[in-house]
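Please look over the sequence and the model below before reading the notes.

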Amino acid sequence: MMKISNAILSAALLIAMTALAHVSTAEAADWDGIVTVKSRYSVSETVNRIKVSVEDKGITLFGVIDQAKLGNAAGNEVRPSRLVMFGNPALGTTFITANPLAGLDWPVRVLVYQAKDGSVYAAYTDFDWIAKRHRISSREREFAMASQVIQAVTSSVRE
């Protein structure tokens, strides 16, 4: 009986992995909580457009960390990579009031990076996944609003 169950489980896993290989990265966000969108611009221009979008929406820009610059200065060969941090304290801290550990995911962070093939991507954590991760079920409206904001912010760079 155990051999049959393991065979069925293995077959189901193989089917699921095959299906997952055919979906876009954004559709796979439920799998790992990361949404990745391809940018039509360079890393620098992608970061600039995200910053402008954030500022135009009245969202606080907390800063940009040039990970490649830091890594290269430390002797590591790092392709272009920048972490953009921003948020709306009135909205973002409502997650922290529901669960203090949600502070690990706030402020919002968008990683803009260049892949080996030269393509540029913007990646962020899916807000539904954040809600599940921190077991927050009392802030559906706020999470929906945050999802709309991150989609709007990244829409200016999507390919």
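The points below take the cavity and then the salt bridges.

1. Basis. The model is predicted, so local features need pLDDT of at least 70 and side-chain atom pairs count only at pLDDT 80 or more, while totals for chains, interfaces and linings use all residues. Residues are numbered from 1 along each chain as its sequence is written, and side-chain values use heavy atoms, with hydrogens and water left out.

2. Cavity. The search of the whole structure finds 1 cavity of 30 Å³ or more. A cavity here is a set of points, on a 1 Å grid over the protein atoms alone, where a 1.4 Å probe fits but cannot get out. The largest cavity holds about 40 Å³ of space; a volume is the space filled by probe spheres set on the points, which are joined across faces, edges and corners.

3. Cavity lining. Phe-95, Ala-102, Asp-105, Trp-106, Phe-127 and Ile-130 line the largest cavity; lining residues have an atom within 4 Å of a point. By class, this lining has 5 nonpolar, no polar and 1 charged residues. Ala, Val, Leu, Ile, Met, Phe, Trp, Tyr, Cys and Pro count as nonpolar, Asp, Glu, Lys and Arg as charged, and the others, Gly among them, as polar.

4. Asp-105. The side chain of Asp-105 also meets that of Arg-133 in a salt bridge (3.1 Å, N to O). This pair links distant parts of the chain, 28 residues apart: Asp-105 sits in the loop between α5 (89-98) and β4 (108-114), and Arg-133 in helix α6 (residues 127-133). Helices (H or I, at least four residues) and strands (E, at least two) are DSSP runs, numbered from the N terminus. A salt bridge means a side-chain nitrogen of Lys or Arg within 4 Å of a carboxyl oxygen of Asp or Glu. Asp-105, Arg-109 and Arg-133 are linked in a network of salt bridges.

5. Accessibility of that pair. Asp-105 counts as buried at 10% relative accessibility, whereas Arg-133 is partly exposed at 40%. Buried means under 20% relative accessible area, exposed over 50%, and partly exposed in between (1.4 Å probe, protein chains only).

6. Other salt bridges. The structure holds 6 salt bridges. In one of them, the side chains of Arg-82 and Asp-66 meet at 3.7 Å, N to O. Arg-82 lies in strand β3 (residues 81-87) and Asp-66 in strand β2 (residues 60-66), 16 residues apart. Arg-82 is partly exposed at 23%, and Asp-66 is partly exposed at 24%.

7. Arg-141 and Glu-142. These two form a salt bridge, with the closest N and O atoms 3.6 Å apart. Arg-141 is exposed at 58% relative accessible area, but Glu-142 counts as buried at 15%.

Note on methods
On a 1 Å grid over the protein atoms alone, a cavity is a set of points where a 1.4 Å probe fits but cannot get out, and a pocket is an open set with protein on both sides within 12 Å along at least five of seven lines; lining residues have an atom within 4 Å of a point.
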